[in-house]
Every structure is written in C-alpha cells, then in structure tokens.
Amino acid sequence: MTVLDAPTTDRYPTRIADRPALIQRGEPTVWGGTDAPGPLSRDELTAHDRDGFVTVPELLTPGEVASYAAELDRLAADPGIRADERTIVEKSSQQVRSIFEVHRISEAVAALVADERVAGRARQILGSDVYVHQSRINYKPGFGGGGFYWHSDFETWHAEDGMPVPRAVSISIALTENYPHNGCLMIMPGSHRTFVACVGETPADHYKESLREQEIGTPDPDSLTTLADRHGIAMLTGPAGSATLFDSNCMHGSASNITPYSRSNIFVVFNSVENGLTEPYAAPSPRPSYIATREIAPITG
C-alpha cells in the first residue's frame, strides 16, 4: 500500500515561525464514535474522547506480565541488540533506554501487537484498519532512567515523519508497577484538543539526539503553563499489566527515575491506514523506518 498524497494545506504548521502558537484541533478523537463496537465500552470511549486517554486496569494477566518482563530482560542483555542502531542508551548511565521496532525483533511482542486486546482497541478508536507506525520498549531503570520532557507526539510525527493529521493512538503497557515517584506517565487531560506549534528549525539527523533527550519540538514554558492551568496534570499510576491508550496530540511527559524501582513498558503507536505518511512538514528528510514506518501493512489478528 502506498503513502497518501500530501494535503494541500498544512493545518498544523510548526517549527517555521519565530513564535509559538496554540491551534485548535479540527479532527475527532474517537473517529468511529462512542458507540463503535470493540473491546472498549461506551464509557471508556467517552472518557478517551473527553480526556485524550483511557486506562485499562488489567490488560495482561500476571503470567503474561512475567513472560514479557523476561523477554525485555533478554533483549536488553543481548549484545547484538545493544549494538543495533534501533537501541538507544541513556546519556549518563549508558543503560538501555529504548529498543525501537521491537515487534520486528521479538516474536512475543509481535503477537501482543496483533492481539485483539491491543490492536482491536486501536481500530475502535481510529475507526479504520490500523498499522504500526512505531513500536518500542521503554526501560526506565532505577537510579538511572532519564525522563521525557513535555511534548506532543503528533508534533514530532507531523514535523519529522509527515503524518498528516492526529489520527493515531499510542498504547503503553506496563510491565512494572507505575508509582508517582518512579517516573510515571503524566498527561494534561483535554490537551489533545490543542496543537502547540513549536519554534526552532529541525537539524539534519535530529533523531540521533532527540531519542535520548529532545529539545527541538518541545513546547515553550508559556504554552505549557497555559495548558496546565487549563487542564491540570494527571499522574497515571497502576500495577504491572495495566495499560493506557492516549491520543497522539496529548501533552505528556515523565520525570527521571531516581528511585530503586524500575519502570518499563511496551509502547506501540497505531496509525490509521487512511493517515499514511507524506514527506516531512518541517524536517530536511524522513526519519528511519524503524522509528516511523512508511509501509502501510494493516494489522491482522
């Protein structure tokens, strides 16, 4: 399947002006409507539409959590995988931070991605068939796991990957307990309805630094303060096996982990097959396919 033609106008211009801007979102959040059939209830779809995210308390069984946790340990300890360009290490501790395109590296993760509990929820929210835009494991080890500064994923995917509109959803599946103090995910509920246009041109090969610590494409303090004052900040905690689905334009981030308790998760981004990537809107060239695939291959169970 080929990528879509670029839209004639860019509704979400970013990294091209010398001042930030707040742009009202024009597209829906739950594309299939809150009565769309699937694993999520009507109340859950309504919450996702309102807040930009919805939590699933027990997506995985305890046995599955143990199995996937062992798989994460295996991948992190594999010298070949550590040397692979798809593996990102922490700037300070040199511990593994993320492994990208993990559904193509691990058969176990590939099976989870295609599981109806996961892909089915994405289809229900996006109102179409879906494909994997990006997959990765995020390791946030104790005493060394770096944070992720406030950002909207869609801003980066639009600017650097050419994603036309925010018709993508991410799912973060916890394999360890998420506490308020070990770098849990934070989201500003309702922020998905406002696009924050950022300043600063995108350097060539920006991804090589941004995957470890992002600076270009992060919102300015005034815009963040406006959104935080308007929406507040939710700290998403929960046990291993729980999951959070959140809209691609949610303003979110996480603090560094200075506790002894690691926080790791499997992270999958599903994009609608009707929202395939075009040329980047604000970058010299597309990022590598292991970060943003340009092949639209619908997920089948």
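**Ground rules.** I number residues from 1 along each chain as its sequence is written, and my side-chain values use heavy atoms, with hydrogens and water left out. As the model is predicted, local features need pLDDT of at least 70 and side-chain atom pairs count only at pLDDT 80 or more, while totals for chains, interfaces and linings use all residues.

**Sheet.** I looked up the strands (DSSP runs of E, at least two residues, numbered from the N terminus) and their pairing (at least two DSSP bridges between two strands). Seven of them form an open antiparallel sheet, ordered S2-S11-S7-S13-S5-S4-S3. S2 (53–56) and S3 (87–89) are the edges; each has a single partner strand, so one side of each lacks a neighbour in the sheet. Inside the sheet, I found ten bridges between S5 (residues 130–140) and S13 (residues 263–272). One of them pairs Val130 with Ser272 of S13.

**Helix H6.** Next I checked H6, residues 119–126 (helices are DSSP runs of H or I, at least four residues). Eight of its eight residues are buried (under 20% relative accessible area, 1.4 Å probe, protein chains only). Among them are Arg121, Arg123 and Gln124. Gly127 follows H6 with a positive phi, near 65 degrees.

**Cores.** Which residues have the most contacts inside the largest nonpolar core? I noted Leu59, Leu60, Ile171, Ile173, Ile266 and Phe270, in a core of 38 residues (buried Ala, Val, Leu, Ile, Met, Phe, Trp, Tyr and Cys joined through side-chain atoms within 4.5 Å). Another core lies apart from it, with 22 residues, including Leu185 and Phe267.

Methods:
Buried < 20%, exposed > 50% of the residue type's maximum accessible area, 1.4 Å probe, protein only.
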